[in-house]
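Me: I have a structure open and would like to go through it with you. Could we begin with a term that I will need?
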Amino acid sequence: MTPAVRAAASWSWRLLAIGLAVAGGVWIVAQLLVIVVPVAVALLLTVLLHPAVTFLNRWMPRGAAVGVAVAGMLLVVVGLLAAAGASIANGIGGLWDKAQTGFADLMTWLAEGPLEVSPDDVDHYVDQATDALSGFSSQLLSGAAKATVTAGHIGAGTLIALFCLVFFLLDGRGIWTWLVGLLPKTARTSVHQAGRRGWVTLSGYVRTQVLVAAVDAVGIGVGAAALRLPMALSLGVLVFLGSFIPIVGALATGAVAVLVALVAGGPWTALWMLIIVIGVQQVEGHVLQPFLMGHAVSLHPMAVLLAVAAGSVVAGIVGALFAVPLVAVANTVMMYLHGHDKFPELGTDDSLDQRRQPDPEPDSEADDSVEETVDAEA
């Protein structure tokens, strides 16, 4: 055997073992998707609400601060959904009538215009387009259907997410300490430090995505309202939600806004809506994303696109939503474990070891200082 063959064989069986391990992990996650997804959502919401809880904790107990923050978040979500639903109910009827009229005009132009397409050919093309859209929609929603097959799953997932969110905000530090304590002593320090840096990366990603999604939603929603399009508020909410899926979400929701403008106002209105969408996305891609992300989430755009594509293939919309933060956190953690610290300003934190060693004379002031240090780092 030549050295090249031996090296190739060594790489092959190791890569095969890694691939099998990854496939097994993905299969286990897929079986527990109804539980994994709510926990992941709760973790993202924890990152988002943690600064608010820390701020409120200055004037009230931590439990009350958590309750106020969670209740405020629920009120905002319910209010947005209610307003968007009312906007859709008021505008969908007129939009549907205009869509039917526009479709009839298009069919007439195809049959009588310069193309001279026969009615049978038109029906054939319409059937093909319908089948293609149906297949794409079913593929896109397959991941979401796996996570929320029934209304019962949706309700259970919501309760699990809220339950985990409350306890993550109340005692996230204690939960993390317990998890790290399950590891061998020689690995606890490095895992703890890598976890701190992963938390900073996740925080930077979530807060930046929320701000970018809000800018996209306000820009496109205000543009739709200025063009007097129906369901402008609903379009803004749709853009806000879609922007959490990098690249793909912005393109899809922007296309929906242009389509609504085409149906409601004609080609010129659609052109102005397209200009607004492109302008907002250019500001997002070339100003907001590089400026706000900084070095917290240092992923190449190709890595982001491939992560979204792989996540959508594995778990549909759910996979596309969580792919980028998962890859970003994994990138930061693996770089630290291999000696490349993206956040050297964090230094080292030995509070984990201090909290795990019993002290014969507990000092409450020292414990308070540790908690304040953790909050300040977060």
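Predicted model: local features only at pLDDT ≥ 70, side-chain atom pairs only at ≥ 80, totals over all residues.

Me: Thanks. Is Thr201 buried or exposed, then?
Reply: Thr201 counts as buried, because its relative accessibility is 0%. Thr201 is found in helix α7, which covers residues 185–226.

Me: Which side chain does the side chain of Thr201 join in a polar contact?
Reply: The partner is Thr332, and the polar contact between the two side chains is 2.8 Å.

Me: OK, let me step back. How many helices and strands does the protein have?
Reply: There are 13 helices and zero strands. Of the 378 residues in the protein, 31% are buried.

Me: And what share of the contacts comes from residues 24 or more positions apart?
Reply: Counting contacts with a separation of 6 or more, 73% are between residues 24 or more positions apart.

Me: Back to α7. At what angle does it cross α11?
Reply: The axes of α7 and α11 (residues 301–337) cross at roughly 145° and come within 8 Å. The crossing is right-handed.

Me: Which residues make that contact?
Reply: From α7, the contact uses Ser190, Gln193, Ala194, Arg197, Gly198, Thr201, Leu202 and Tyr205. From α11, the residues are Leu321, Val324, Pro325, Ala328, Val329, Thr332, Val333, Tyr336 and Leu337.

Me: Now α8. How do α7 and α8 pack?
Reply: Their axes are 8 Å apart and the packing angle is about 155°. Because of that angle, α7 is roughly antiparallel to α8, the cut-off being over 145 degrees. This crossing, too, is right-handed.

Me: Why are an angle and a distance given?
Reply: Two packed helices are described by the angle between their axes and by the distance between those axes.

Me: Which residues of α7 and α8 meet?
Reply: On the α7 side they are Val210, Ala213, Ala214, Asp216, Ala217, Ile220, Gly221, Ala224 and Ala225. On the α8 side they are Ala232, Leu235, Gly236, Val239 and Phe240. By class, the contact of α7 with α8 divides into 11 nonpolar, two polar and one charged.

Me: New topic. Where is Ala84, and which residues does it touch?
Reply: Ala84 lies in helix α3, residues 62–112. Apart from residues up to four places away in sequence, Ala84 touches Leu233, Ser234 and Val237. The C-alpha atoms of Ala84 and Leu235 are separated by 8.3 Å, although the two residues are 151 residues apart along the chain. Ala84 counts as buried because its relative accessibility is 8%.

Me: And how are Gly157 and Ile35 separated?
Reply: They are 122 residues apart along the chain, and their C-alpha atoms are separated by 6.8 Å. Gly157 is in helix α6, residues 151–181, and is buried, with a relative accessible area of 12%.

Me: Last one: which residues is Val258 in contact with?
Reply: Leaving aside neighbours within four places in sequence, Val258 is in contact with Ala270, Met273, Leu274 and Val277. The C-alpha atoms of Val258 and Met273 are separated by 5.6 Å, and the two are 15 residues apart along the chain. Val258 is found in helix α9, residues 248–265, and counts as buried at 18% relative accessibility.

Key
Residues numbered from 1 in each chain as written. Heavy atoms only, no water. Helix = DSSP H or I, 4+ residues; strand = E, 2+ residues; numbered from the N terminus. Buried < 20%, exposed > 50% of the residue type's maximum accessible area, 1.4 Å probe, protein only. Polar contact = N/O pair within 3.5 Å; in protein donor to acceptor, adjacent residues only side chain to side chain. Axes fitted to C-alpha atoms, helices over the stretch in contact; angles between N-to-C directions. Parallel < 35°, antiparallel > 145°, perpendicular 65-115°, else oblique. Left-handed = near helix turned anticlockwise from the far one by under 90°. Contact = heavy atoms within 4.5 Å. Nonpolar A, V, L, I, M, F, W, Y, C, P; charged D, E, K, R; others polar.
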